[in-house]
Amino acid sequence: MEDEGAPAFVSVTKKRAQRKRKRETEMVGMSTESPRPSKRPEFPPVSGQHLLDGKGEIRRIPVPAHRYTPLKESWLKIFTPIVEHLQLQVRFNLKTRNVEIKTCKDTQDIGSLTKAGDFVKAFVLGFQVEDALALIRLDDLFLETFDITDVKPLKGDHLSRAIGRIAGKGGKTKFTIENVTRTRIVLADSKVHILGSFQNIKMARTAICNLILGSPPSKVYGNIRSVASRAAERF
């Protein structure tokens, strides 16, 4: 039996629970209040001339000796989109052996200089002009380069066999990876250059790394086809 003179039982609540309950009531009060109309600031697009402040920017792309002749033969194809579409100035400096791209007063977009630099760099690395031109026309294309020895430290005949596995007989393996992943691949000695979107570059890089590590081409074909089909279903 309870003692009549004893004080009544009082439940004790922790301070943490009290703070939590107070925060919840404040949040409920805030949600019931009418939301304030948010005013988003609107800024007009800034032209390239205002960004330059009267100073021209320049980009230099070094050209190796084995790309002099292809650059000379395809100079008109490289010159035309840079000057006519991007409104930039371009020249080949014979002393420094660099392709120099410069902004001028007619340049509308400051990002054109980066696009032109990537376009020339892709051609210098060995891509066809038509493939490299996609870097100017599209915004979601990228260029990635890695070394075969970064994947696995190979030397001598082992390195040559790895390059042969990537290329395949008559370039068959490389062409298959390009067609399935919708990329362009250039093999330059132990360097691998890949041109494409981020997701496609990832698929092509995974396939090439598996070939370097010794996977048979048939297994690599199956893996990239399954990954490509899943990516197509997702989008």
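Predicted model: local features only at pLDDT ≥ 70, side-chain atom pairs only at ≥ 80, totals over all residues.
Local features were taken at pLDDT of at least 70 and side-chain atom pairs only at pLDDT 80 or more, whereas totals for chains, interfaces and linings use all residues. Residues are numbered from 1 along each chain as its sequence is written, and side-chain values rest on heavy atoms, with hydrogens and water left out.

With a salt bridge defined as a side-chain nitrogen of Lys or Arg within 4 Å of a carboxyl oxygen of Asp or Glu, the count comes to 8 salt bridges. Among them is the pair of glutamate 100 and arginine 60, with an N to O distance of 3.5 Å. Because glutamate 100 lies in strand 3 (residues 98-102) and arginine 60 in strand 1 (residues 58-62), this pair ties together parts that are 40 residues apart in sequence; helices (H or I, at least four residues) and strands (E, at least two) are DSSP runs, numbered from the N terminus. Relative accessible area was classed as buried under 20%, exposed over 50% and partly exposed in between, using a 1.4 Å probe and protein chains only. On this scale glutamate 100 is buried at 6%, while arginine 60 is partly exposed at 49% and arginine 91 is partly exposed at 48%.

A further salt bridge joins aspartate 139 to lysine 115, the closest N and O atoms being 3.0 Å apart. This pair links distant parts of the chain, 24 residues apart, with aspartate 139 in the loop between helix 7 (134-137) and strand 4 (142-147) and lysine 115 in helix 5 (residues 112-125). Aspartate 139 is exposed, at 62% relative accessibility, and lysine 115 is partly exposed, at 25%.

Nonpolar cores were defined as sets of buried Ala, Val, Leu, Ile, Met, Phe, Trp, Tyr and Cys residues joined through side-chain atoms within 4.5 Å. The largest of these cores has 26 residues, and those with the most contacts inside it are Ile78, Ile82, Val99, Ile101, Phe119 and Val120. Two or more residues each are given to this core by helix 4 (75-85), strand 3, helix 5, helix 6 (129-132) and helix 7, with helix 5 giving the most, 7 residues. Apart from this core lies another, of 18 residues, among them Leu154, Leu159, Ile177 and Ile224.

Helix 9 (residues 157-167) and helix 10 (residues 172-181) pack at an angle of about 50°, with their axes 5 Å apart; axes are lines fitted to C-alpha atoms, for helices over the stretch in contact, and angles run from 0 to 180 degrees between N-to-C directions. In the contact, defined by heavy atoms within 4.5 Å, Arg165, Ile166 and Ala167 of helix 9 meet Lys172, Thr173 and Lys174 of helix 10.

Positive phi values occur at glutamine 87, where phi is about 55° although the residue is not a glycine, and at aspartate 189, where phi is near 60°. Glutamine 87 lies in the loop between helix 4 and strand 2 (89-93) and is partly exposed at 27% relative accessibility. Aspartate 189 is found in the loop between strand 5 (184-188) and strand 6 (191-196) and is exposed at 65%.
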